[in-house]
Amino acid sequence: MAKTLFQKVWDAHAVTQLPNGQTQLFIGTHLIHEVTSPQAFGMLRDLGLPVKYPHRTFATVDHIVPTNEIKEPYSDPIAQEMIEALRKNTKDYGIRFFDTNTGQQGIVHMVGPEQGITQPGTTIACGDSHTATHGAFGAIAFGIGTTQVRDVLATQTLALNPLKVRRIEVNGKLKPGVYAKDVILHIIRALGVNGGIGFAYEYAGSTFDNFSLEERMTVCNMSIEGGARCGYVNPDDKTFEYIKGRPFAPQAADWDASVTRWKSFASDPGCKYDDIKVYQAEDIRPTVTWGITPGQAIFIDEKMPALETLNAADRLTAEDAYKHMKLTPNTPIKGTKIDVAFLGSCTNGRISDLREVAKYLKGHKVKSSVKAIVVPGSMLTSIQAQKEGLDKIFIEAGFEWRGAGCSMCLAMNPDKLVGDQLCASSSNRNFKGRQGSQTGRTILMSPLMVAAAAITGEVTDAREVFQV
Amino acid sequence: MSLAKITQVKGLALAVPGDDIDTDRIIPARFLRCVTFDGLGEHAFRDERTGPDGVDRPHPMNSDQAKKSSIMVVGFNFGCGSSREHAPQSLWRFGFKAFVGGSFAEIFFGNSTTLGVPCVTLSKDDLAQLSDFVQKNPTIEVTIDVEKLTVTAGDKSWKASIASSAREGLITGKWDPIADLLEGASKVEKTAGALVYVAKN
Ligand code: SF4
């Protein structure tokens, strides 16, 4: 019978059926970070349990790491305590830790792929909702809670219900100045922030076939913003090419067999989906959010919705959003003044994002009223960017060049909005307070749109600013 | 490990209306700077409850009713966003032992169930009725029957739903799956042994 990748990976990892009807699913790769793991190790100690497969858990530190301070102890004693807890836990249990002194630290969803740990046909779990990022390689990757982190540490398994599979096809060629970020914002806008509950999203179609692995990661990353716990792209030659030669990639002698195995996981022609949605790439324009959920999004040249046009439930959220964002219904978003520009995060803090922006940035200057920071998602990305001289281009244009981490994507380190500052952000969440100030405001957009906003001091169309 | 069988949750209820209430709102990220869940209860909905000036805002969580309630009546897609278990932990520590809503984000739902906190859903109209009822009758007890799948309040009763695995786990006292997961160790090894990428390195 023809099967989807999801079904094949699920079947290969199903251990047994539990008494409550759930599946006990083997988790081949477990990623941990400092925020959601300390309590799990605490539970493990309380129960007196060992880590069952320590070589299948990998750790890094990302959320609390300051991006402008290398020396420890950090000025935030709690951040110091958290990094030390992770050092102790990984040491006590024999877990590989990509610590800050390894030159390989970074956002957990960047480290896995960079190291070649993220592979097709595998199951991956991490106490972080953006774990779906790894699905770009044809893995089934879940975000989990802390008690589940304990379950994986203790048993390398999880109790789960299978998901339905929705195929989301995007066909055609994106217009210049339109990016993977716009594609996923467009999908979420169309299907809603809860449209994906109960589903895994399979992204397919010629647009995805032509995407690089980094672009696929940007889309899979935000599956959760659409309510889907898991999203993936079927593995192909680009996937294998990306993995080849990385530290945890299969050795040369095993390579051909690995590729054959990986290929076998791709969804079969003629397999059944629970739902199919189809979009055309040419219809997508640069997209920005105007509200407090990632689904509250419009094309840059559209007006924000008038309240009368919304149904009752959406209107309630929209009223709240307009109040928080201090924006006016039925007016253009273009021209809205910004205070901060943030380029980074596990959505758009990769080398291809930095290269794309740097390509257009030469000769431009960040507006004096704007604080602009660029935060490579990982140390390896940062080193690569410096090798290519990208850091100089950003600094020359007036951006602050920072160390690797989650930075201003969320408020757990010193990079925060102040008061009601408005931030043009390449991250993934525009929730109230997300960027560290209760009244702070976030507008999500692609990296090039962030750069355009930084230069003009307002939300604007990057295609016009950079003559894309 | 023997756990309580959770067949019913009874108590006063607090309505916290609105859809898409995300976990950053339930527990702002700065309170995630911790290595235990202790003390999270007092920070539940902190930035919704207190303004930037430190003054309390009108919010259901600031009412006396909140302190007395053990059931929270919410909207749709409650608990969306981050996977932080800190969210249900903070509400549980505040005193909430069950949620009734239109729908729940999956990770929030799973995190709550593993704490022994049922998240049951009602149809849109029924939810509106319940929410209205508890706001008008704050002193009348609400009962969530996880076994019979009903929510009752006064002389009213509504049909509730919950994933069958969660219901089974709650009513049999096996809502924390760790014992079952540890049980099948030999089967786990068999599955692992067949996975090339696990066996290598
Ligand atoms: S960059 Fe943002 S979304 Fe990604 S892991 Fe860090 S905090 Fe989470």
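Is A:Ser426 buried or exposed, and what is its relative accessible area? Here are some notes to read alongside the model.

1. A:Ser426 is buried, with a relative accessible area of 0%. For this term, buried means under 20% relative accessible area, exposed over 50%, and partly exposed in between (1.4 Å probe, protein chains only). A:Ser426 sits in the loop between β18 (422-425) and β19 (441-444) of chain A. Helices (H or I, at least four residues) and strands (E, at least two) are DSSP runs, numbered from the N terminus.

2. A word on the ground rules: this is a predicted model, in which local features need pLDDT of at least 70 and side-chain atom pairs count only at pLDDT 80 or more, while totals for chains, interfaces and linings use all residues. Residues are numbered from 1 along each chain as its sequence is written, chains are lettered from A and ligands numbered from 1 in the order in which they are written, and side-chain values use heavy atoms, with hydrogens and water left out.

3. Back to A:Ser426 and its surroundings. A polar atom of its side chain lies 2.8 Å from the backbone oxygen of A:Gly344. The C-alpha atoms of A:Ser426 and A:Ala341 are separated by 8.5 Å, although the two residues are 85 residues apart along the chain. Beyond its neighbours within four places in sequence, A:Ser426 is in contact (heavy atoms within 4.5 Å) with residues including A:Lys181, A:Leu343, A:Asn348 and A:Met445.

4. Setting aside neighbours within four places in sequence, the contacts of A:Asn348 include A:Lys181, A:Thr218, A:Ser426 and A:Pro447.

5. Now the interface. In all, 77 residues of chain A are in contact with 56 residues of chain B. There are 6 salt bridges between the two chains, where a salt bridge is a side-chain nitrogen of Lys or Arg within 4 Å of a carboxyl oxygen of Asp or Glu. One of them joins A:Arg150 to B:Asp176, with the closest N and O atoms 2.6 Å apart. Helix α5 (residues 146-155) of chain A gives the most to the side of chain A that touches chain B, with 7 residues.

6. Next, the aromatic rings: the structure holds 22 aromatic pairs over all chains. Rings of Phe, Tyr and Trp (its six-membered ring) pair if their centres lie within 6.5 Å; planes under 30 degrees apart count as stacked, over 60 as edge-to-face and the rest as tilted. B:Phe78 and B:Phe104 have ring centres 6.4 Å apart and planes at 85°, so this pair is edge-to-face. B:Phe78 and B:Phe104 are 26 residues apart, and their pair links distant parts of the chain; both are buried. B:Phe99 and B:Phe108 also form an edge-to-face pair, 5.5 Å centre to centre with 70° between the planes.

7. Finally, chain B as a whole has 10 helices and 7 strands. Of its 201 residues, 60% are buried.

Technical notes:
Polar contact = N/O pair within 3.5 Å; in protein donor to acceptor, adjacent residues only side chain to side chain.
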